[in-house]
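This report goes through one structure part by part. The sequence and the structure come first, and the description follows.

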2 protein chains.
Amino acid sequence: MTATQDAPRDYQALRTAIAGRAGDLPRRLAQVAAYALEFPDEIAFGTVASIAASAEVQPSALVRFSHALGYQGFSELQEVFRSRLRERVLNYDERLAQLRDHGIAGSKSGLVLDGFLEASERSIASFREKLDHAAIDRAVDVLAGAEIIYLIGLRRSFPIASYLSYAMGKLGVRSILVDGVAGMGSEQASFITPKDAALAISFAPYASETVALTGAARTRGASIVSITDSVMSPIAAPADVLIEVAEANFEGFRSLATTMAVAMTLAVAVAGRRSER
Amino acid sequence: MTATQDAPRDYQALRTAIAGRAGDLPRRLAQVAAYALEFPDEIAFGTVASIAASAEVQPSALVRFSHALGYQGFSELQEVFRSRLRERVLNYDERLAQLRDHGIAGSKSGLVLDGFLEASERSIASFREKLDHAAIDRAVDVLAGAEIIYLIGLRRSFPIASYLSYAMGKLGVRSILVDGVAGMGSEQASFITPKDAALAISFAPYASETVALTGAARTRGASIVSITDSVMSPIAAPADVLIEVAEANFEGFRSLATTMAVAMTLAVAVAGRRSER
DNA sequence: TTCGGTCTGGAATTTTTGTTCTATTCCTGT
DNA sequence: ACAGGAATAGAACAAAAATTCCAGACCGAA
C-alpha cells in the first residue's frame, strides 16, 4: 500500500498536517507529534532509538506515527525534516563570506540581482511581522462563497493575476482572468453578477483600468477582495476585504515576492475551504 | 589511536583545514576534499555509500579521508558537518513564538500563508548560496546584444514571462511575449532571426509548447537563455546560457520569488548594459 | 463487569550502514 | 626497466539501525 501519495513532501506542509491532526491522534502518537514540532532538528539528525529516548517513547511509536501520517516508514518522514535544513536561511556572517567568495562586488549585474533578492527578503520579513491573518481568513471566506472569481490585475500586477488564473484552474476553482486583450476588459466585466466575487490587485501608480473595472464589479453587486499597498488606494474603498502588502523597492522596481505568496495562499485556501463541504 | 585531539570540532575550522591540506593529499582523497567543500549538505545527510557514489569514489576512500584529517571514523567527521546545520536552527523558536503571537496557529489559512512565505525565503536564501553570477553576466551579454528578445514562458512560468514583457516595455527594451493565445505561438516564433535572442523559462513538469518553441528558436539561429530548475531540463541543452533556479515547494506549489528576482535583474541589467553605449 | 477493539511496550527480525582487510594498481626514485 | 612503498578498489564483516510482530494493557460501550 503506497499511501505515500498523500503524505506531505515538504516541511511546512507536514507541519500543518501534524498541527491539524494533533487532536484526533492516540495519546502516545500525540506526544510524538508535539515533540516533532518542538525539536525538528532532533528528528532530522537523530536515530529512531535516540529520538525515542529523548521523546520518552518507544521506537515503535515513531514508526507508527510515520505510518499514521501516510509515510512508508520513519526514514521517509525524516527525509522531510532533513529537507528543511537543506534549504536553510543563511545568517549574516555567512552571507558576508559568500559575497566575498563570489566576488559579486566586481560584477554589475551581480549587484543588481543581490538588490532584488534582498528587496524580496525584506518584503517577506516585514509582511510577516504585521500580517493580518484575520483579513486573509475573511478574504478566503468571500472568495470561497463566490460562484465565479474575476481576477483583475493589469500591467505590473498582471503576473499575479495570471498566476492566480493558472493556480485556480489547476485546483478546480472557477475563475476568469480579466485581461486587457483587445480592450475586452469591460465586456468581460459586464457579466459579473452579485453571486460572483472580484479579486483586484493594484499598486501605485494604480492602473486606471483596474480601478474602473473594480468599480464596475462593485456596481454590479459582486463582493470585492483587494490586494493593494495602502488604505488610501483607489481600490481600497470599494473592497469588502482589504489585504495590505507593502513590497520593498529596488531601483524603482517593486518586488512581487510577498504578493505572489499571498496569491498562492488565497488559491490554495479557497480550494481547501470548498473541499471541506 | 586517539588522534581525534587535533581534528577540528567546528565546521569553519574543518573547512580551512581541508583547504589547507588539499594540495598534499593523495589524488582520490583530494577528490573527496573537493566534493566535501562543494556539497557539505550531502556529507551531513548522506550515508557512506550514497556519498561515495555521488562523489564517484569508493566508500573506503571516505573513511581514509576521515582518518587523514585525524578523526576516528567517518561518523565523527560527519558530525562536524551536521553541527553546521544545527547551529542556525535557533531562529525556529522565535518563529514559533511569532506564530503564537499572531494567533496564526488557530487559523488554517494563516498556516498556509506562513508556509508560502517560508518557502519563498528559503528559495531566495539557497539561491544566494549557490548563485552563479558569471552565468547572469553572460545572460545579460547575450540579451543586450539581441535585436529583439522573445520571451517564452507558459503555464506556471507565464507570470514571469508577462512580467518581463511589462518591465522591458517600461525600460525600452524591444521584446515579444510569445503567448499561447489562439495557438499563435509557433506563428510568432517563425519571425525569429539569428540576430534575436530567446529567453525561455520552464520548470518541471516542462510545458511541451515551451520546449518546442525553444527548439524552434534554436533552429532559426537565435541565441538562447534558459531559466530552469536543472541541467537535465529539456530547455537546458539548446541554451547558450543556463540559469539554474531551484525554487522551494509548499504543498506542491513552487515559489516564484527567486525566479521573479532573476527576471527583474535581467530586465534592468540588459537596459543598463545598452545604455552604456 | 465484561466484551470488543484499539493502543502500547518491548523483544525479535531484517535491513542498512560503517568499517576493516587484502589483493591489485599506481607511482616514484634509482 | 624495475623494485619498493603508498594508494586504491571491492568484497567481507561486524555493528547499528529501522521495522515488524505479538502479548498484554487500556479504554469505551453494552
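In what order do the strands of the open sheet in chain B stand, and is the pairing parallel or antiparallel?

## The sheet of chain B

The order is β2-β1-β3-β4-β5, and the 5 strands pair in the parallel sense. This is read from a predicted model, as is everything below. At the edges stand β2 (175–178) and β5 (241–244) of chain B; each has a single partner strand, so one side of each is left without a neighbour in the sheet. From one strand to the next the twist averages 15 degrees.

Inside this sheet, β3(B) and β4 (residues 223–228) of chain B are paired over 6 bridges, in the parallel sense. One of the residues involved is B:Ala197, whose bridge partner in β4(B) is B:Ser223. Two helices lie across the strands. Helix α9(B) lies across β1 (149–152), β3, β4 and β5 of chain B and runs at about 135 degrees to β5(B). Helix α10(B) lies across β1, β2 and β3 of chain B, at about 160 degrees to β2(B).

## The sheet of chain A

Chain A also has an open sheet of 5 strands, in the order β2-β1-β3-β4-β5 with parallel pairing. Its edge strands are β2 (175–178) and β5 (241–244) of chain A, each of which pairs on one side only. The twist averages 15 degrees from one strand to the next.

Strand β3 (residues 197–202) of chain A pairs with β4 (residues 223–228) of chain A over 6 bridges, in the parallel sense. In β4(A), A:Ser223 is the bridge partner of A:Ala197. Helix α9 (residues 133–144) of chain A lies across β1 (149–152), β3, β4 and β5 of chain A, and its direction makes an angle of about 135 degrees with β5(A).

## Backbone details in the loops

Most residues other than glycine have a negative phi, and most peptide bonds are trans. Several places in this model depart from that. In chain A, the peptide bond between A:Ala204 and A:Pro205 is cis, with omega about -5 degrees. A:Pro205 sits in the loop between β3 and α12 (208–219) of chain A. In chain B, a cis peptide bond joins B:Ala204 and B:Pro205, with omega about -5 degrees, and B:Pro205 lies in the loop between β3 (197–202) and α12 (208–219) of chain B.

The phi of A:Arg155 is near 50 degrees, a positive value in a residue other than glycine. A:Arg155 belongs to the loop between β1 and α10 (158–171) of chain A.

## Contact between the chains

How many residues does each chain bring to the contact? Chain B contributes 58 residues and chain A contributes 57. On the side of chain B that touches chain A, the elements giving two or more residues include α3 (40–45), α6 (74–87), α9 (133–144) and α13 (257–275) of chain B. The largest share of that side, 19 residues, comes from α8(B). By class, the side of chain B that touches chain A has 33 nonpolar, 11 polar and 14 charged residues.

Helix α8 (residues 108–129) of chain A and helix α8 (residues 108–129) of chain B have axes that come within 10 Å and cross at roughly 155 degrees. α8(A) and α8(B) are therefore roughly antiparallel to each other, and α8(A) passes α8(B) in a left-handed crossing. A:Leu117, A:Ser120, A:Glu121, A:Ile124 and A:Arg128 in α8(A) meet B:Leu117, B:Ser120, B:Glu121, B:Ile124 and B:Arg128 in α8(B). The residues of this helix contact comprise 4 nonpolar, 2 polar and 4 charged.

## Surfaces near the DNA strands

DNA strand C is surrounded by 18 residues, the closest being A:Arg28, A:Ser60, B:Val48, B:Gly73 and B:Phe74. At least two residues of this surface come from each of α2 (27–38) and α5 of chain A and α4 (48–55), α5 and α6 of chain B. The surface near DNA strand C divides into 10 nonpolar, 6 polar and 2 charged residues.

Around DNA strand D there are 18 residues, and the closest are A:Val48, A:Gly73, A:Phe74, B:Arg28 and B:Ser60. Here α4 (48–55), α5 (59–68) and α6 (74–86) of chain A, with α2 (27–38) and α5 (59–68) of chain B, each supply at least two residues. The residues near DNA strand D divide into 10 nonpolar, 6 polar and 2 charged.

Terms used. Residues numbered from 1 in each chain as written. Chains lettered and ligands numbered in written order. Predicted model: local features only at pLDDT ≥ 70, side-chain atom pairs only at ≥ 80, totals over all residues. Axes fitted to C-alpha atoms, helices over the stretch in contact; angles between N-to-C directions. Helix = DSSP H or I, 4+ residues; strand = E, 2+ residues; numbered from the N terminus. Parallel < 35°, antiparallel > 145°, perpendicular 65-115°, else oblique. Left-handed = near helix turned anticlockwise from the far one by under 90°. Contact = placed C-beta atoms within 7 Å. Nonpolar A, V, L, I, M, F, W, Y, C, P; charged D, E, K, R; others polar. Near = placed C-beta within 6 Å. Pairing = 2+ DSSP bridges.
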